Amino acid sequence: MKSLVDWFGCYDAVAETFNARWGGGASKSTVSKKVNGSLDWTVADVIALEDAAGRYPVTRMMARRLDRRPDVSGGSLLQDGSSIAKESGEAIAAILAAEQSSCADDRATAIKEALEARSAIDRALARLEGAPVAEGGAA
């Protein structure tokens, strides 16, 4: 995150990037607190900075974690169906909450929940098609 912040040149530019992308009241001091560790970076922060910079170091690092997940053939279609119902319900609730909110965290939560629902569906499709299924619950 520090390298992304450095790319912008100053904390004011980072704060304005957040405000332009998500709205709200990010300021130079908010960015400073995130850089020094007093506040945590959010998924929304990562998305805004990576998209604006056109570089995706955090996303790439997180994607590499998925490459190391083992493929297993355990589980069942019944478990997959249950997971799809659970994750889809959570995604719907999060999407509706994000629609009613101007908070970037609500949008980030909705994205996360929608991706978890997609992951549950992908596991079921892989099992139905006879492909190796990457287990591990929600993504």
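Contact here means heavy atoms within 4.5 Å. The structure is a predicted model, in which local features need pLDDT of at least 70 and side-chain atom pairs count only at pLDDT 80 or more, while totals for chains, interfaces and linings use all residues. Residues are numbered from 1 along each chain as its sequence is written, and side-chain values use heavy atoms, with hydrogens and water left out. The protein has seven helices and zero strands, where helices (H or I, at least four residues) and strands (E, at least two) are DSSP runs numbered from the N terminus.

**Overall architecture**

- Along the sequence, the pattern of the protein reads α-α-α-α-α-α-α.
- Of its 139 residues, 28% count as buried; buried means under 20% relative accessible area, exposed over 50%, and partly exposed in between, with a 1.4 Å probe and protein chains only.
- The protein exposes about 8500 Å², of which carbon and sulfur atoms supply 57%; these areas come from the Shrake-Rupley method with a 1.4 Å probe, and for residues only the protein chains shown count as cover.
- Among contacts between residues at least 6 apart in sequence, 56% join residues at least 24 apart.

**Helix H2**

- The twelve residues of H2 should span 16 Å at 1.5 Å a residue, and the end C-alpha atoms are 17 Å apart, which agrees; the expected span is 1.5 Å times one less than the number of residues.
- Val-14, Ala-15, Thr-17, Phe-18, Asn-19 and Trp-22 are buried in H2.
- Cover for these buried residues includes helix H1 (2-8), H3, helix H4 (43-53) and helix H7 (104-129).
- Gly-23 follows H2 and has a positive phi, near 80°.

- Two packed helices are described by the angle between their axes and the distance between the axes.
- Axes are lines fitted to C-alpha atoms, for helices over the stretch in contact, and angles run from 0 to 180 degrees between N-to-C directions.
- Helix H2 (residues 11-22) packs with helix H3 (residues 28-35) at about 105°, the axes being 8 Å apart.
- H2 and H3 are therefore roughly perpendicular to each other; angles of 65 to 115 degrees count as roughly perpendicular, under 35 as roughly parallel, over 145 as roughly antiparallel and the rest as oblique.
- On the H2 side, Tyr-11, Asp-12, Val-14, Ala-15 and Phe-18 make this contact, and on the H3 side Lys-28, Val-31, Ser-32 and Val-35 do.
- By class, the contact of H2 with H3 has six nonpolar, one polar and two charged residues; Ala, Val, Leu, Ile, Met, Phe, Trp, Tyr, Cys and Pro count as nonpolar, Asp, Glu, Lys and Arg as charged, and the others, Gly among them, as polar.
- H2 also packs with H4 at about 105°, with 10 Å between the axes, which makes H2 roughly perpendicular to H4.
- The H2 residues in this contact are Val-14, Thr-17, Phe-18, Arg-21 and Trp-22, and those of H4 are Ala-44, Asp-45, Ile-47, Ala-48, Leu-49, Asp-51 and Ala-52.
- The contact of H2 with H4 has eight nonpolar, one polar and three charged residues.

**Helix H6 and Leu-77**

- H6 has 23 residues and reaches 32 Å from its first C-alpha to its last, close to the 33 Å expected at 1.5 Å a residue.
- Asp-80, Ser-83, Glu-87, Ala-91, Ala-94 and Ala-98 are the buried residues of H6, and they pack against H7.
- Leu-77 lies in helix H6 (residues 77-99) and counts as partly exposed at 44% relative accessibility.
- Not counting residues up to four places away in sequence, Leu-77 touches Ala-124, Arg-127 and Leu-128.
- Leu-77 and Arg-127 are 50 residues apart in sequence, yet 7.2 Å apart in space, C-alpha to C-alpha.
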